[in-house]
Amino acid sequence: MNFVDKRIHPRFQLQVPIKYKFINRNISQSSPKIEQIYDGVTTNISEGGLLFVITLPELEWVTELLLQKMILGVNLILEEGPIKALCRTCWIGNISVLSETYRATIGLEFKEINYEDREKIKRNLNVNGFI
């Protein structure tokens with residue numbers, strides 16, 4: 001099977017602090033695991049999405065993410081100000097077990113992001129010499 005890259009925008013190696021939250025209609029919003037805000041750092045980023053290492057509280061959430069039953073709300077912390085977006089999971093790999101959670105590499109596509117925030121990403125990539 002050949003891999004077909006469907007990305008519209010090129011990805012650039014850029015580490016940006018990120019805060020994220022799992023959003024799922026099937027899990028009670030009062031659950032501490034679904035209400036928690038997690039921290040991370042991107043591995044790469046583009047105008048269309050990002051890659052980072054995610055902490056997964058439950059292994060079953062991998063299926064929920066891949067089936068689009070769960071999405072991620074992300075805040076990218078840029079010098080110009082935070083960027084908010086809702087993201088869908090494109091793929092998950094390299095799953096490993098921590099003490100009570102899991103870590104995995106996750107590729108996300110921005111599904112809902114306003115024009116101004118997408119422009120902030122573009123300017124940030126420009127300032128860092130990528131475009």
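**View 1. Ile92 and Ile106 in the pairing of S6 with S7.** In this predicted model, Ile92 has Ile106 of strand S7 as its bridge partner. Strand S7 covers residues 102-112, and its pairing with S6 is antiparallel, with nine bridges. The two strands make a hairpin, and four residues lie between S6 and S7.

**View 2. Leu72 and Cys87 in the pairing of S5 with S6.** Here the bridge partner of Leu72 is Cys87, a residue of S6. Strand S6 spans residues 81-97 and runs antiparallel to S5, with seven bridges joining them. S5 and S6 also form a hairpin, this one with two residues between the strands.

**View 3. Lys19 and Asn75 in the pairing of S2 with S5.** Which residue of S5 is the bridge partner of Lys19? The partner is Asn75. Strand S2 consists of residues 17-24, and strand S5 of residues 70-78. Their pairing is antiparallel and has seven bridges.

**View 4. Strand S5 with its partners S2 and S6.** S5 pairs with S2 through seven bridges, and seven bridges also join S5 to S6. Asn75 of S5 is the bridge partner of Lys19, while Leu72 is bridged to Cys87 in S6.

**View 5. Strand S6 with its partners S5 and S7.** S6 is joined to S5 by seven bridges and to S7 by nine. Both pairings are hairpins: two residues separate S5 from S6, and four separate S6 from S7. Cys87 of S6 is the bridge partner of Leu72, and Ile92 is bridged to Ile106 in S7.

**View 6. The whole protein, for orientation.** How many helices and strands does the protein have? The protein contains three helices and seven strands, in the sequence order β-β-α-β-β-α-β-β-β-α. Of its 131 residues, 42% are buried. Among contacts between residues at least 6 apart in sequence, 65% connect residues at least 24 apart.

Notes
Residues are numbered from 1 along each chain as its sequence is written. This is a predicted model: local features need pLDDT of at least 70, side-chain atom pairs count only at pLDDT 80 or more; totals for chains, interfaces and linings use all residues. Side-chain values use heavy atoms; hydrogens and water are left out. Two strands pair if DSSP finds at least two bridges between them. Buried means under 20% relative accessible area, exposed over 50%, partly exposed in between (1.4 Å probe, protein chains only). Contact means heavy atoms within 4.5 Å.
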